[in-house]
Amino acid sequence: MINEKLAIFGGPRCVPEDVPEQELFGWPYINKEIEDAVLDVIRRNAMSSTEITVEFEKEFAAWQQRKYGIAYCNGTLSLQAAMFGIGLGAGDEIIIPTKTYWASAISAMTLGASIVFANVDPNNLCLDPNDLERCLSPRTKAIMVVHYGGHPAEMDKICNFAKKHNIKVIEDVSHAQGGKFKGKMLGTFGDVAAMSLMSWKSFSCGELGVLVTDDRTIYERSLAYSHYERNKPEFITETEELKPFYHLPLGGMKGRVNQVSTAIGRVRLKDYDEKIAEIRKAMNYFCDLMEGVKGFRNIRVDEKDGSDMAGWYSPNILYIPEELGGLSEEKFLEALKAETGYSGYSGANNCLHTHNMLQDYDGLHTGKPSRILFADRDVRELDKALEPSEKIRTLSIPWFKVYKPEYIEMYANGYKKVVAHYRELLDENQDSDVGGIWHH
Ligand SMILES: *Cc1c(COP(=O)(O)O)cnc(C)c1O
């Protein structure tokens, strides 16, 4: 098959057109119990009350092995509440990996903090602990860690650094719910973790975010931030500084969840771990097949040390075009689509510092860019050191939900066949675009 003519030039495809795509890739899954839970919420008009949400928070926190859980109407707000929870405010600096979805970062500016972008490690697309020292200043208050694409960040090194310098750690677990680093659950390393559970994530509930922590002050501050109906004496019991401000949301935002989402979340908790174990089995098999293929390097963990790739959300593979005569991502993907029907994309999330909003945008009309509004140094100068992250080249790979080796092999053969024939795809004007997306 691999030696036959490329499908893009009229040869036979590696993956037949009638492949059961829904079975292989369909997500999220729904079952009768989820449907019943949703119908119950809408029939009782319980969408805007909180009794289901409060149960979900308890169950989710228990699953996360954390004391407290708070649900929010989306992941972005849960991350903002986590930043407020640890006390991030005007003039503080927060270190954030530059290659991530915008919601890991932009909320920090809303709170008046300055973002110092760190490089990501090309081997895992997560914050590079070796770049932390460069980012540090006396104003550094926190590090935001993103377990990107399901890959756990190097939490031992990051937490040691944070401890040494008395800095807080926030984990953004939006890509990696249920994952582990060296046997310990992601979301239990930092002072607080927050994450999106929106429809496309591996833990998929619709619009929903959740924050977990063991710290009572962080819990109370994060709750008071946007859960105005719980900003009262029964819930805010210990944090004296919050007490004069009962009954109104301190962030001026409403965080309450549509209980359709938390009702789904309660059902998902029952078999989520099982579902993502199958995803890992399938994805590991695909990566095994890609091992040693010219032009590619897998991005995954060695599971022997107790780490894993969680639900392998939005999986990527490193692309090394120099090994394929400089073949552009665009050309590769075009040929791959002809072989497999899979429409991939290149570049994963763009580096955030390359967007004007993180450079010149003056959201409060003060005459000063929001990113440095209260800063005592122009942190944008530090962005010059981010070239290594800008140069990282990746391609997406199919996100298999079920372990069906015969199909997984067909897709891997698609990659291998294009690699075997790469010379036929080269032309004089190779496009050297790194690719990248701001969001899906
Ligand atoms: C999806 C996502 C978010 C934002 O969550 P929403 O629920 O969409 O608001 C935050 N961080 C990362 C890394 C994400 O992928």
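A residue counts as buried when its relative accessible area is under 20%, as exposed when that area is over 50%, and as partly exposed in between. Keep that in mind for F245: its relative accessibility is 44%, so it counts as partly exposed. One thing to know before going on is that this is a predicted model. You'll find F245 in the loop between α8 (216–226) and α9. Leaving out residues up to four places away in sequence, F245 touches N231 and L250. M357 is another story: F245 and M357 sit 112 residues apart in sequence, and their C-alpha atoms are 32 Å apart in space.

Now for the aromatic rings. A pair of rings is described by how far apart the centres are and by the angle of the planes. The model has 24 aromatic pairs. Take F25 and Y411, an edge-to-face pair with 5.4 Å from centre to centre and 90° between the planes. This pair links distant parts of the chain, since F25 belongs to helix α1 (residues 21–25) and Y411 to helix α12 (residues 405–420), 386 residues apart. Both F25 and Y411 are buried.

W63 and Y272 make another pair to look up. Their ring centres are 5.7 Å apart and their planes meet at 80°; planes over 60 degrees apart count as edge-to-face, so this pair falls in that class. Because W63 is in helix α3 (residues 51–63) and Y272 in helix α9 (residues 259–290), the pair ties together parts 209 residues apart in sequence. W63 has a relative accessible area of 14%, so it is buried. Y272 is buried too, with a relative accessible area of 1%.

Back to F25 and Y411 for a moment: ring pairs link them into a cluster along with F286, F296, Y319, F332, F400 and Y415. Two other rings have a lysine over the face. K201 lies over Y101, 5.4 Å from the ring centre, and K401 lies over W399, at 3.9 Å from the ring centre.

Next, have a look at how α9 and α12 come together. Two packed helices are described by the angle between their axes and by the distance between those axes. For α9 and α12, the angle is about 35° and the axes are 9 Å apart. The crossing of α9 past α12 is right-handed. On the α9 side, the residues that meet α12 are A282, Y285, F286, L289 and M290. On the α12 side, they are P405, I408, E409, Y411, A412, Y415 and K416. By class, this contact has ten nonpolar residues, two charged ones and no polar ones.

A few spots in the backbone are also worth a visit. The peptide bond from W27 to P28 is cis, with omega near -5°, and P28 is in the loop between α1 and α2 (32–43). L125 is a residue other than glycine with a positive phi, near 60°. L125 sits in the loop between β3 (114–118) and α6 (132–135). With a relative accessibility of 3%, L125 counts as buried. A348 isn't a glycine either, yet its phi is positive, at about 50°. Look for A348 in the loop between α10 (329–340) and α11 (387–390). Its relative accessibility is 2%, so A348 counts as buried.

Technical notes
Residues numbered from 1 in each chain as written. Predicted model: local features only at pLDDT ≥ 70, side-chain atom pairs only at ≥ 80, totals over all residues. Heavy atoms only, no water. Phe/Tyr/Trp six-rings, centres within 6.5 Å; stacked < 30°, edge-to-face > 60°. Helix = DSSP H or I, 4+ residues; strand = E, 2+ residues; numbered from the N terminus. Buried < 20%, exposed > 50% of the residue type's maximum accessible area, 1.4 Å probe, protein only. Lys NZ or Arg CZ within 6 Å of the ring centre and 35° of its normal. Axes fitted to C-alpha atoms, helices over the stretch in contact; angles between N-to-C directions. Left-handed = near helix turned anticlockwise from the far one by under 90°. Contact = heavy atoms within 4.5 Å. Nonpolar A, V, L, I, M, F, W, Y, C, P; charged D, E, K, R; others polar.
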